[in-house]
Amino acid sequence: SDTLNVIAGIYARSGQYETAIGYYQQILSVTRQLGYRFLEGYTRGSISYCYARLKQHDRAMRNSKLAIKIGREINNKQLLGAAVGTLANAYWHQKKYATGLLLIAKSMLIFPPFTNETSQFIFKKTVETVCLTLKGVSNLICSYFQFKQRTDKPTKASENRADNDQN
């Protein structure tokens, strides 16, 4: 299942989420047969990430919540932190930004983002997603104020009226 996980990860990182999910589903089958709960939870988180990217929010949420449940059952902070991070990602892709940000903070408190390669990847992707969204919001706000500034500029006629009103 390590080889499948590497292949699935390559597909997920290259944006081929449906193909990645197919490999992750194969991993789930093996992990359930062998009782590898950690890998089952980790794989559910990876599937959630892919579904969030595909805008299949119900599936993303379901897999994140299953990963969180497994993380709690086996009392594993690494899995729990990563799973909460994938839930944050799922909320974020639904444009529920406040909940997403709160869950990102919770994820980082449970399991700091720079403790291993997996948490680093999840943190990096989360930051990229947040920054892209904030950049979009920032651009939207700047565009609004630039438009407002152009439309609120006084014309010569309105300046003359203002001068006459003062006299």
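**Exercise 1.** Leaving aside its neighbours within four places in sequence, which residues is Asn 5 in contact with?

*Solution.* The model is predicted: local features need pLDDT of at least 70 and side-chain atom pairs count only at pLDDT 80 or more, while totals for chains, interfaces and linings use all residues. Residues are numbered from 1 along each chain as its sequence is written, and side-chain values use heavy atoms, with hydrogens and water left out.

Step 1. Asn 5 lies in helix 1 (residues 2-13); helices are DSSP runs of H or I with at least four residues, strands are runs of E with at least two, and both are numbered from the N terminus.
Step 2. With contact taken as heavy atoms within 4.5 Å, the partners of Asn 5 beyond those neighbours are Tyr 24, Ile 27 and Tyr 42.
Step 3. Asn 5 has a relative accessible area of 19% and is therefore buried (buried is under 20%, exposed over 50%, partly exposed in between, with a 1.4 Å probe and protein chains only).

**Exercise 2.** Determine how helix 3 packs against helix 5.

*Solution.* Step 1. Helix 3 (residues 37-53) and helix 5 (residues 77-93) have axes 9 Å apart, at an angle of about 15°. Axes are lines fitted to C-alpha atoms, for helices over the stretch in contact, and angles run from 0 to 180 degrees between N-to-C directions.
Step 2. Helix 3 is therefore roughly parallel to helix 5 (under 35 degrees is roughly parallel, over 145 roughly antiparallel, 65 to 115 roughly perpendicular, the rest oblique).
Step 3. The contact includes Phe 38, Tyr 42 and Tyr 49 of helix 3 and Leu 79, Ala 90 and His 93 of helix 5.
Step 4. Its residues comprise six nonpolar, seven polar and two charged (Ala, Val, Leu, Ile, Met, Phe, Trp, Tyr, Cys and Pro are nonpolar, Asp, Glu, Lys and Arg charged, the others, Gly among them, polar).

**Exercise 3.** Determine how helix 3 packs against helix 4.

*Solution.* Step 1. The axes of helix 3 and helix 4 (residues 57-73) cross at roughly 160° and come within 8 Å.
Step 2. Helix 3 is therefore roughly antiparallel to helix 4.
Step 3. Among the contact residues are Arg 44, Ile 47 and Tyr 51 of helix 3 and Asn 63, Leu 66 and Ile 70 of helix 4.
Step 4. The contact divides into seven nonpolar, six polar and five charged residues.

**Exercise 4.** How many helices and strands are in the chain?

*Solution.* Step 1. The chain has eight helices and zero strands.
Step 2. Of its 167 residues, 36% are buried.
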